[in-house]
Amino acid sequence: MSDDELSARIERIAVFARVHPAQKLRIVAAYQKRREVVAMTGDGVNDAPALVKADVGVAMGISGTEVAKQAAKIVLADDDFATIVAAVEEGRVVYRNIKKVVLLLFSSSAAEVLVLLLALLCGFPPPFAAVQILWNNLVTEGLVTVNLIMEPAEGDEMRRPPISPDEPLLSRTLLTRMGFIVPAIVVSTLGWFVARTAAGVPVELVRTETFTLLAICEWWNVLNCRSESKSAFALGLLRNPWLLAGLLAGNLLQIAVVFWAPLARVFHTVPIGAAEVVALGVVGSLVLWVEEIRKLFVRRRTRRVRLG
């Protein structure tokens, strides 16, 4: 066969036998020509060229030659092919968690910028002090961002289609989710700031409430980011004790910033009443309910596709 004939027929071929090293290279190239991601396993010197040519070369750690190990990107320490499946699953978990963190950071930062910009354009004083913005970025976000990357597998990683090499990190789905999350945070935070300012509440108290509300929105939002389609209520916090610890630490630090006098002086905050704290929690949950409704429609559409 010519290379073009091999590429055209390779999808209908299940097994290749008695393959020479040069032919292995042609097989790998034929799959790659069809824009497939090729993994090549081998243990001998003859496999080295194909291991290098493949997108992912996998060498045997026990029986493999040193040449094969040096040519491969992955070395199986136990020579067990099932380990490849486990590695693919773990890779998908890591990639999915990276996208969760990207969604959290982009949506929170975009909402924060929009709240500040819209408030200034509407003629209001800045909703946050500069040091409060710094606190929010370094502490509030930092405590949940690092811990979100520790999110365990959702269980459907190996049932999902492979990720295209051309898929951008900011995928269409991620941007669509931002289109729901960012407006919800902006409406909650800016709406509270405008309403309380119009009611004649002192600027220091309004800023403290708005600063706290932004943190609450981000805490609700991290629950959104744990899954693209599963409800936040279906994913218990105990599945990720790191995230639970981060949320608890964030709450305690925010309480300290607002109610502990030495920190309050530094961050220009004043104590908030109990009724306002409850109201802030309810208003901040808007971002959760908006994303829950979107996820509900996604699950229903997926169910109809499967039944159809």
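Figure 1. The structure shown is a predicted model. Glu-228 forms a salt bridge with Arg-160, and the closest N and O atoms of the pair are 3.9 Å apart. This pair links distant parts of the chain, 68 residues apart: Glu-228 belongs to the loop between H8 and H9, and Arg-160 to the loop between helix H6 (130-148) and helix H7 (172-198). Arg-160 is likewise partly exposed, with a relative accessible area of 34%.

Figure 2. The side chains of Glu-291 and Arg-294 meet in a salt bridge, with an N to O distance of 2.9 Å. The two residues are three residues apart in helix H12, so about one helical turn separates them. Both Glu-291 and Arg-294 are buried. Elsewhere, salt bridges that share partners join Arg-96, Lys-100, Glu-154, Asp-156, Glu-157, Arg-160 and Glu-228 into one network.

**Figure 3. The salt bridge between Lys-24 and Asp-47.** A search of the whole structure finds 17 salt bridges. In one of them, the side chains of Lys-24 and Asp-47 meet at a distance of 2.3 Å, N to O. Lys-24 lies in helix H2 (residues 21-33), whereas Asp-47 lies in the loop between strand E1 (39-42) and helix H3 (48-53), so the pair ties together parts that are 23 residues apart in sequence. Asp-47 counts as buried because its relative accessibility is 7%, and the term buried applies under 20%.

Figure 4. Val-94, Ile-98, Ile-149, Met-150, Leu-169 and Trp-242 make a nonpolar surface patch of about 530 Å². Val-94 is found in helix H5, which covers residues 82-121. With a relative accessibility of 41%, Val-94 counts as partly exposed.

**Figure 5. The surroundings of Asn-240.** Asn-240 is placed in the loop between helix H8 (203-224) and helix H9 (241-259). Its relative accessible area is 1%, and Asn-240 is therefore buried. A polar atom of the Asn-240 side chain lies 3.2 Å from the backbone oxygen of Asn-147.

**Figure 6. Ala-54 and Val-38.** Ala-54 is found in the loop between H3 and strand E2 (56-60). Ala-54 is buried, because its relative accessible area is 2%. Although Ala-54 and Val-38 are 16 residues apart in sequence, their C-alpha atoms are 5.5 Å apart in space.

Note on methods
Residues numbered from 1 in each chain as written. Predicted model: local features only at pLDDT ≥ 70, side-chain atom pairs only at ≥ 80, totals over all residues. Heavy atoms only, no water. Helix = DSSP H or I, 4+ residues; strand = E, 2+ residues; numbered from the N terminus. Buried < 20%, exposed > 50% of the residue type's maximum accessible area, 1.4 Å probe, protein only. Polar contact = N/O pair within 3.5 Å; in protein donor to acceptor, adjacent residues only side chain to side chain. Patch = residues over 30% accessible without salt bridge, like charges linked within 9 Å, V, L, I, M, F, W, Y side chains within 5 Å. Areas by Shrake-Rupley, 256 points an atom, 1.4 Å probe, with all protein chains shown as cover. Salt bridge = Lys/Arg side-chain N within 4 Å of Asp/Glu carboxyl O.
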